[in-house]
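Please keep the sequence and the structure in view while reading.

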Amino acid sequence: MKFKNYNMKKNIIIRNLKNTCVTSLIFAMMISAEASAGSVSKAQITTLTSDVAGSATLSWKQVKSADGYEIQYKTGGTWAKGKTLVVKGGNSTSRVIKKISKKKDTFFRVRAYSDNAGVKEYSKWSRIVKKIQWNKRWKYANESLTNSGSAALFYAKTSSKKKNITVCVNAGHGCARGAGLKTKCHPDGTPKVTGGSTSSGSVYASSINGGTSLLNGYSEAAMNLKVAKAVKAKLLAEGYNVLMIRQEGNVNLDNIARTVVANNCADCHISIHFDSSTNGKGAFAITVPNVVSYRNMEPVKMNWKKHNKLGTNLIGGMRKSGVGIFGNGTMALDLTQTSYSTVPSVDLEVGDRSFSGSFTEINKIAKGIVEGVNTYFNK
């Protein structure tokens, strides 16, 4: 190409240089953005616990490539209006967060970062987890005696699988402060219509008891939690939100408190337990007794068919996954949980004291429960 004059040649050279610089800059920005979104592994929140008003403990899995973590939390609005806490040190896996709201639910998320000579690269944010604040104005809240603990709501990832349904998973027992306290068996003060851990005719029952112990050395409360965590993982993978009542050894929520939280924050309530027998008794769901006075008592009257249907579906799912089932899979008992439930609710006895506790057996139970939940919600 011949140039008519020197100035034309100079202008073309300058324009080409500018284009090259812009292209290089854009490419560098793309590389940087890609590194920020993917070069650091995503952090995963494991637990969010609280037994003290205005404080919470957030725990997450360690990210090997991380030099630290950022925690964001808010009570509402956009994340830009929330607060950010920097946790230095890649080995850190938990942080106590103080001065959070004592009256409102608080949302949390966390991400990992690496620091290369002052330039930080960030992972994607974890799933959002919400600390549920006890509300004394909730229906039946005044019947609870132990409610200083907090449940946590784990949100499903935004994806084609997301179902916008929240399942409450309640690992039975595990409440240190509830021992020795008694609450009304029924919200209207009428006596129990069947026996069980509390005899028929009783007006008051233990607010929550310690449960039994398994032959494998685990307490029932500990094994309930292992199963509950497995169920949580599979439900989240399936696109459900999961309300975890208990995430560690103890949470200070009695049976009525757990039911009230589920009533207000979930679409169904599944309580995990083991039977006290030792003969390899299979799984069964506690259904609502066929007693006219009981089935006509609110909130049982409006919900007992839903309770029974959920229990039947869960047992069907567990049978399909290979879990041994006791008899026809149901046993009718008058329980505090179902006496106060306003959402589909079931006490699920997933085995007895002879349960092995193996990963294989726990996985069968969890898989079956998710199958049953899918059937119940037609998913």
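Two residues are in contact when they have heavy atoms within 4.5 Å of each other. Among contacts in the chain between residues at least 6 apart in sequence, 75% join residues at least 24 apart. This is a predicted model, in which local features need pLDDT of at least 70 and side-chain atom pairs count only at pLDDT 80 or more, while totals for chains, interfaces and linings use all residues. Residues are numbered from 1 along each chain as its sequence is written, and side-chain values use heavy atoms, with hydrogens and water left out.

**Overall composition**

- The chain has seven helices and 17 strands; helices (H or I, at least four residues) and strands (E, at least two) are DSSP runs, numbered from the N terminus.
- Of the 379 residues of the chain, 50% count as buried. Buried means under 20% relative accessible area, exposed means over 50%, and partly exposed lies in between (1.4 Å probe, protein chains only).

**Helices α2 and α7**

- The axes of α2 (residues 220–237) and α7 (residues 359–376) come within 9 Å and cross at roughly 50°. Such axes are lines fitted to C-alpha atoms, for helices over the stretch in contact, and angles run from 0 to 180 degrees between N-to-C directions.
- This angle makes α2 oblique to α7; angles under 35 degrees count as roughly parallel, over 145 as roughly antiparallel, 65 to 115 as roughly perpendicular and the rest as oblique.
- On the α2 side, the residues that make the contact include M223, V227 and V231, and on the α7 side they include I362, A366 and V370.

**Aromatic rings and charges**

- A search of the whole structure finds nine aromatic pairs. Rings of Phe, Tyr and Trp (its six-membered ring) pair if their centres lie within 6.5 Å; planes under 30 degrees apart count as stacked, over 60 as edge-to-face and the rest as tilted.
- The pair of Y376 and F377 is edge-to-face, because the ring centres are 5.0 Å apart and the planes lie at 85°.
- Y376 counts as buried, at 12% relative accessibility. The charged end of K309 sits over the ring of Y376, 5.3 Å from its centre; this description requires NZ of Lys or CZ of Arg within 6 Å of the ring centre and within 35 degrees of the ring normal.
- The charged end of R111 sits over the ring of Y122, 3.8 Å from the ring centre.

**Two residues and their contacts**

- N250 lies in the loop between β13 (241–244) and α3 (255–265) and is partly exposed, with a relative accessible area of 37%.
- Leaving aside neighbours within four places in sequence, N250 is in contact with D51, G174, C175 and A176.
- The C-alpha atoms of N250 and T49 are separated by 10.0 Å, although the two residues are 201 residues apart along the chain.
- Q337 belongs to helix α6 (residues 336–340) and counts as buried at 9% relative accessibility. Beyond neighbours within four places in sequence, its contacts include T259, H269 and D347.

**Backbone details**

- A cis peptide bond, with omega about 5°, joins E298 and P299; P299 is found in the loop between α4 (292–295) and α5 (300–320).
- A117, in the loop between β6 (106–116) and β7 (119–122), has a phi near 55°, a positive value in a residue other than glycine. A117 is exposed, with a relative accessible area of 86%.
- N378, in the segment after α7, also has a positive phi, near 55°, and counts as exposed at 70% relative accessibility.
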